[in-house]
Amino acid sequence: MEDDHKIVSTCTMNVHKFPFDIQTCHITVSSINHSDKEINLVPASNSSKATQVSRESILTQGEWEFLNISVSMVKDNYEGQTFDWIKYTISVRRMPLMHFINFQLPILFFLILDLASFFIPDRGEKLCFKVTVLLGISVLLLILNDILPSKSHRCPLIATYVIVIFSFMLLSLLETILVIYLINMSSEQDIKWVQRPENLNCETDKCKRDSSDHICYSVVEAPLETLMLKEIYSKEKMNDMHLLQMILEELQTIKQSLPPHTLKARTVGLDCFFPSVTSEEQHINMIKGKVENIKDKIDGNELDLSLSNLTEVPVKELAAFPKATFLDLSCNNLTTLTPEFCGLTHLIKIDLSKNQLVCLPEEIGQLINLQHLDLYNNKLKQLPVGFSQLKSLKWLDLKDNPLESTLAKAAGDCLDEKQCKQCASRVLQHMKVLQEEADKERERRLLKEREQEMKKEAKQREKEAREREAQKKKKAEEKERKRKEYQAQMAALAAQEQQKKKREEKKKKAAQNQGKKTASESVPKAKRSICSMFFSLLIKLLLLLIVGVSSVLAVCQLTELRKEAFCVPLNIHFEETVRWAQGLEVVQQVIQKMSDFRT
């Protein structure tokens, strides 16, 4: 094929070993109309050369790595004719590092976290943690679904790996749910099994007397009671405060039923089995306003906590008895009610008379089933706005409270059943009016705040508009300044170009004139050059002769050679020449001027 042709092909992928898979693509070149006698197909290169050339020309990028190209020649016989086939097999390998780090390792870490969750002591937190880890695995399954192709001949091993881990974590979650269910069932059975011992009498026990201390302690019942309590305390559910309170009640009942002279022996025996009972009992007693035996004070649907010297309502303990719809909290020292108290929505009748309440919580409107409310003899001055949401309230007593005038006028007296019902309806109507006024005031306040915000936004928009205009003006001025600078630069460049052109024109003219002069003066210059050369040579020879004669005369005049034969005639001629020159008028004038100059 020619170099400018390209073959585009698709290959079926086998992702069974993803991401450690190797994919192969087959490309077959043949002619279905011409046999090998008409067209003889021969590969241009063998497998090794094709692999080498491909590795030099292919730059592997992304997640695939080129391995090799295999070239094979196949001959196919069809209806007595032979056809040539050239088969190219291309092998590429996936780079698994990123898939391993981004997918397989997180799944393994999730499995480790799920195994580590068995060491979490709180069963509720353990259950939430396991569900969270399971959701994380589900997200990774969605990512795997996007990575893998939609069709494959075999199930990928990585999918099996993820499904197995997901199954293990699901079984772990079901195991946690089953364990919590069994523990709760066992704790309920333990609570039913615990019964208060009655009619303990030292006279019916088999006693053993000590001659020195005269202490009587039970030989049979005391070990049985301590063994029973020890078994209960060994249960895991003993961490619950409610069950611990029941056990303490049992201990107190046992102590109260024993004679005084046996109390010391029994206390010592119990402390040997679980010494932490005393500290737990002290902790329970330190909680101010808690009631020791709430269960014993329930009579049908009525819970009587009056005259208990309470300073706060034991909300958590009351929530454990939803069947007690009538709550009597009269004659206590309550000053406020917590917002959690308003969560006891099962209450129908509440007696809070003869306390020290100064206010009610705003959330009191959550007591949607409340029909009877006694607030006689407290220190209430006003009611919260949420009081208007008590739509089921039918009976209300607000006598002997320092109520504000409007509320006191609306409440009126509550001397009989009819007046108390009228008080409830009038107070609800009054509180609804206050609620509407509060809503209107809140709406006005919100509207005013919204208007202020709108004004602020308008001012902000105006400020931003002014800033934008200033910025636009500044940008326009900057743009105009740059344009003027650019025009000045362009004008300067144009002037420089004109001056440069003028200089070039002058140079051209000067060069033309110089060329003309050189053309006209070339011949005379040649003649003058020959004459000047001859004249300079003559002058040089003359100067050389003068220098030679002068040197010879100097030697003959100044040295001892003047008496020699060859210097005598020269000296005579030199003296005659000097006398002749001195006789000349010009020489005399020169000598006179030199003498004047010296003086």
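I looked up D21 first. D21 is buried, because its relative accessible area is 3%. (Buried means under 20% relative accessible area, exposed over 50%, partly exposed in between, with a 1.4 Å probe and protein chains only.) I placed D21 in the segment before β1 (22–30).

I noted the ground rules. This is a predicted model, where local features need pLDDT of at least 70, side-chain atom pairs count only at pLDDT 80 or more, and totals for chains, interfaces and linings use all residues. Residues are numbered from 1 along each chain as its sequence is written, and side-chain values use heavy atoms, with hydrogens and water left out.

Which side chains does the side chain of D21 meet in polar contacts? I found Q23 at 2.7 Å and R94 at 2.8 Å. (A polar contact is a pair of N or O atoms within 3.5 Å; within protein, one must be able to donate a hydrogen and the other to accept it, and residues adjacent in sequence count only if both atoms are side-chain atoms.) I set aside neighbours within four places in sequence and listed the contacts (heavy atoms within 4.5 Å) of D21: N14, V15, W64, R93 and R94. V92 lies 71 residues from D21 along the chain, yet I read 8.9 Å between their C-alpha atoms.

Next I checked Q104. Q104 sits in helix α2 (residues 97–116). (Helices are DSSP runs of H or I, at least four residues; strands are runs of E, at least two; both are numbered from the N terminus.) Q104 counts as buried because its relative accessibility is 13%. Not counting residues up to four places away in sequence, Q104 touches P19, F20, H99, I158 and Y161.
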